[in-house]
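Welcome, and thanks for taking a look at this one with me.

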Amino acid sequence: MEVEAHFLAKEDGIVAGISLAEMIFHEVDPSLKVEWSQKDGDYVQKGLQFGKVSGQAHNIVVAERVVLNFMQRMSGIATLTKTMADAAHPACILETRKTAPGLRLVDKWAVLIGGGRNHRMGLFDMVMIKDNHISIAGGIINAIKSVDQYLEQQNLQMEVEVETRTLEEVDEVLRYTSQTKSSLTRIMLDNMVIPLPNGDVDVSMLKDAVEMINGRFETEASGNVTLETVHKIGQTGVTYISSGALTHSVKALDISLKIDTELALQVGRRTKRA
């Protein structure tokens, strides 16, 4: 049986996963015809029909759940990223490696669609010296020295980021790198956003750190980054703001694929979902 099925947005948000959906339909049945009225990154409103797939009914329903699982997750990530990225300006919003196992490429693709920037993909394309590495190395300078030596020995060139937790650590890094050639390119300012009892945040420590660095390195704020705090953090002068919540706590955007769209809309209106 030949049918036509329509994509329905059941929530307002940023749609993502359209290109991936086309790949999935093609993998199941190359003869399926997919058409869209929106593209990845566009805003969709609740009740909007934004695409359709036509062809053999059996193959459409075989692909349906896989397509929707990806699109709903990616659209949820893109929607949150867009809100965070707009609020963070002029700082850039980044995700982290806190992605669903096996779905890192997909999660990071959704962040790009939502207007964010990608952090490193894995342990192979950027060095990040974290608190545990610093503890193992016996101090922040020892850790930076070890990385510099390793990169030189292996003849590798890549960005290097170090996590700092205090202004003393920031000062230590700045003094060392002013006297010694280093591969360091970015300083992470971790948990320098202090929550206040009234629900606001104190960003004075973060501001002080950015002023100390004074453009010598890229800066990245992390910790206590929420929709409520990201704007204030973005005004401190940091280059980047990273948020694990973009991918580790995704709320999927509700999307359906319906053959009988009239009945689907009738039910949607009854349940206040369309």
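1. A word on terms before we start: two elements are in contact when heavy atoms lie within 4.5 Å, and angles run from 0 to 180 degrees between N-to-C directions. Please also keep in mind that this is a predicted model.

2. With that in hand, look at helix α1, residues 18-28. Helix α1 lies across β1, β3, β5 and β14, and its direction is at about 170° to that of β3. Helix α2, residues 57-88, also packs on the sheet, where it touches β1, β3, β5 and β14. The angle between helix α2 and β5 is about 150°.

3. Now for the sheet itself. In what order do the four strands come? Reading across, the order is β3-β5-β1-β14, in an open sheet with antiparallel pairing. Strands β3 (33-36) and β14 (255-258) stand at the edges with a single partner strand each, so one side of each has no neighbour in the sheet. From one strand to the next, the twist averages 15°.

4. Strands β1 (residues 2-9) and β5 (residues 49-56) run antiparallel and are joined by seven bridges. One place to look is Leu 8, whose bridge partner in β5 is Gln 49.

5. Next, the aromatic rings. A search of the whole structure gives four aromatic pairs. One of them joins Phe 7 and Trp 36, a tilted pair at 4.9 Å centre to centre with 35° between the planes. Phe 7 sits in strand β1 and Trp 36 in strand β3, 29 residues apart, and the pair links these distant parts of the chain.

6. Phe 7 also pairs with Phe 50, again tilted, at 5.8 Å centre to centre and 35° between the planes. Because Phe 7 is in strand β1 and Phe 50 in strand β5, this pair ties together parts 43 residues apart in sequence. Both Phe 7 and Phe 50 are buried, with Phe 7 at a relative accessible area of 0%. Together, Phe 7, Phe 25, Trp 36 and Phe 50 make up one aromatic cluster.

7. Finally, do visit Thr 164, in strand β8 (residues 160-164). Is Thr 164 buried or exposed? Thr 164 counts as buried because its relative accessibility is 0%, and the cut-off for buried is under 20%. The side chain of Thr 164 reaches the backbone oxygen of Met 188 at 2.7 Å. Beyond its neighbours within four places in sequence, Thr 164 is in contact with several residues, including Ile 140, Val 170, Ile 187 and Asp 190.

Notes
Residues are numbered from 1 along each chain as its sequence is written. This is a predicted model: local features need pLDDT of at least 70, side-chain atom pairs count only at pLDDT 80 or more; totals for chains, interfaces and linings use all residues. Side-chain values use heavy atoms; hydrogens and water are left out. Two strands pair if DSSP finds at least two bridges between them. Helices (H or I, at least four residues) and strands (E, at least two) are DSSP runs, numbered from the N terminus. Buried means under 20% relative accessible area, exposed over 50%, partly exposed in between (1.4 Å probe, protein chains only). A polar contact is a pair of N or O atoms within 3.5 Å; within protein, one must be able to donate a hydrogen and the other to accept it, and residues adjacent in sequence count only if both atoms are side-chain atoms. Rings of Phe, Tyr and Trp (its six-membered ring) pair if their centres lie within 6.5 Å; planes under 30 degrees apart count as stacked, over 60 as edge-to-face and the rest as tilted.
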